[in-house]
Amino acid sequence: MGFFLETLFGGLMVGMLYSLIALGFVLIYKASGVFNFAQGAMVLFAALAMARFYEWIPKWFGFDNKVLANVLAFAAAVVIMIAVAWLIERLVLRKLVNQEHITLLMATLGISYFLEGFGQTLFGSDIYKIDVGMPKDPVIVLESALQGGVLINKEDLYAAAIAAVLVALLALFFQKTATGRALRAVADDHQAAQSIGIPLGRIWIIVWSVAGVVALVAGVIWGSKLGVQFSLALVALKALPVVILGGLTSVPGAIIGGLIIGVGEKLSEIYIGPMLGGGIEIWFAYVLALVFLLFRPQGLFGEKIIDRV
């Protein structure tokens, strides 16, 4: 039982991080109705900015305080991601207002490749370190209930708590604020939203900025665990099955989907993997997403769209 709980908790922690990346996809889709393939590149670009500013800022200003360096580096990375959002809206999205969704989809693919290449040019292509002070030592819990207790990584607990707080704030933002309601209106119909005075350009800048900050938080957490390297963009691919499972328009769906994927891939790898030769963790999420596409394409919490002809 102790080993099962360790696997379960590990899956939940990873699932929260998947949910954090999936939120970026959901945010963009809710505002523009297009699937943002650039989200993985945004995670990588934001993490690179954070890691490099953490190295550069103390040299520029001549101090040796890690906390201050992290705060300033995070603030600089936020400014960078907001600037990226503004440039994307001004140079790309503004030209494609009211175009077909496939056109916007191809635009996000172009943005993705540009950010990956420009990130390498601007920040370098080495493996960089992010150290925000999260403890990496394991902790044993439930010692009184189970013999030997359950071993949990403290870093995973901190990361899950940060992700949970951010998810809660975003859910409140979408449901309780005027800007959040405007974002939902734009997602439903661009032309109708414009006709009632909602400024489409400003809304897209806001949502891409928020998605950029979410990408930064996800990049910092994953960078702290794995190091900042260009394979980090591939981690975001695990968020694709999450949004398919939870629903493209649902913030709670991104959370539940991430937890299901995280727990499912860990348990299947441990308990079914030995019988099939291993490797289940690599493809489990995508097979589960395929099943949902066949039988419930709108996901668990997505909106079912019915077109009358």
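## Helix packing in a predicted model

Helix 2 and helix 4 pack at an angle of about 15 degrees, and their axes lie 9 Å apart. The model is predicted. An angle under 35 degrees counts as roughly parallel, and helix 2 and helix 4 are therefore roughly parallel to each other. Their crossing is left-handed. On the side of helix 2, the contact involves Ala41, Met42, Leu44, Phe45, Leu48, Ala49, Arg52 and Trp56, which meet Ser112, Leu115, Glu116, Phe118, Gly119, Leu122 and Phe123 of helix 4. By class, the residues of this contact comprise 11 nonpolar, two polar and two charged.

Helix 4 itself covers residues 101–123. Its 23 residues, at 1.5 Å a residue, should span 33 Å, which agrees with the 32 Å between its end C-alpha atoms. Buried residues of helix 4 are Leu104, Leu105, Ala107, Thr108, Ile111, Ser112, Leu115, Gly119 and Phe123. An α-helix has 3.6 residues a turn, so residues three or four places apart point the same way. After helix 4 comes Gly124, with a positive phi near 95 degrees.

Helix 2 (residues 39–61) also packs against helix 8, at an angle of about 65 degrees and with the axes 7 Å apart. The crossing of helix 2 past helix 8 is right-handed. Here Gln39, Met42, Val43, Ala46, Ala47 and Met50 of helix 2 meet Trp208, Ala211, Gly212, Ala215, Leu216, Ala218, Gly219 and Val220 of helix 8. This contact divides into 11 nonpolar residues, three polar and no charged. Met42 of helix 2 takes part in the contact with helix 4 and in the contact with helix 8.

Helix 8 (residues 200–226) has a further contact with helix 5 (residues 154–176), where the axes come within 10 Å and cross at roughly 170 degrees. Angles over 145 degrees count as roughly antiparallel, and helix 5 and helix 8 are therefore roughly antiparallel to each other. Helix 5 contributes Glu155, Asp156, Ala159, Ile162, Leu166, Leu170 and Phe173, while helix 8 contributes Ile206, Val210, Val214, Val217, Ile221, Ser224 and Lys225. The residues of this contact are 10 nonpolar, one polar and three charged.

| Helix pair | Angle between axes | Axis distance |
|---|---|---|
| Helix 2 and helix 4 | about 15 degrees | 9 Å |
| Helix 2 and helix 8 | about 65 degrees | 7 Å |
| Helix 5 and helix 8 | roughly 170 degrees | within 10 Å |

Asn36 lies in the loop between helix 1 (2–32) and helix 2. Its relative accessible area is 0%, so Asn36 is buried. Beyond its neighbours within four places in sequence, Asn36 is in contact with Phe25, Ile28, Met42, Thr108 and Trp208. Among these partners, Met42 and Trp208 also belong to the contact of helix 2 with helix 8, and Thr108 is one of the buried residues of helix 4.

Leu72, in helix 3 (residues 66–91), counts as partly exposed because its relative accessibility is 33%. Apart from neighbours within four places in sequence, Leu72 is in contact with Ile57 and Phe63. Leu72 and Val228 are 156 residues apart in sequence, and their C-alpha atoms are 18 Å apart in space.

Helix 10 (residues 239–246) is mostly covered, with seven of its eight residues buried. These are Ala239, Leu240, Pro241, Val242, Val243, Leu245 and Gly246. Gly247 follows helix 10 and has a positive phi, near 115 degrees.

How values were computed: Residues are numbered from 1 along each chain as its sequence is written. This is a predicted model: local features need pLDDT of at least 70, side-chain atom pairs count only at pLDDT 80 or more; totals for chains, interfaces and linings use all residues. Side-chain values use heavy atoms; hydrogens and water are left out. Axes are lines fitted to C-alpha atoms, for helices over the stretch in contact, and angles run from 0 to 180 degrees between N-to-C directions. Helices (H or I, at least four residues) and strands (E, at least two) are DSSP runs, numbered from the N terminus. Angles under 35 degrees count as roughly parallel, over 145 as roughly antiparallel, 65 to 115 as roughly perpendicular and the rest as oblique. Contact means heavy atoms within 4.5 Å. Ala, Val, Leu, Ile, Met, Phe, Trp, Tyr, Cys and Pro count as nonpolar, Asp, Glu, Lys and Arg as charged, and the others, Gly among them, as polar. A crossing is left-handed if the near helix is turned anticlockwise from the far one by less than a right angle, and right-handed if clockwise. The expected span of a helix is 1.5 Å times one less than its number of residues. Buried means under 20% relative accessible area, exposed over 50%, partly exposed in between (1.4 Å probe, protein chains only).
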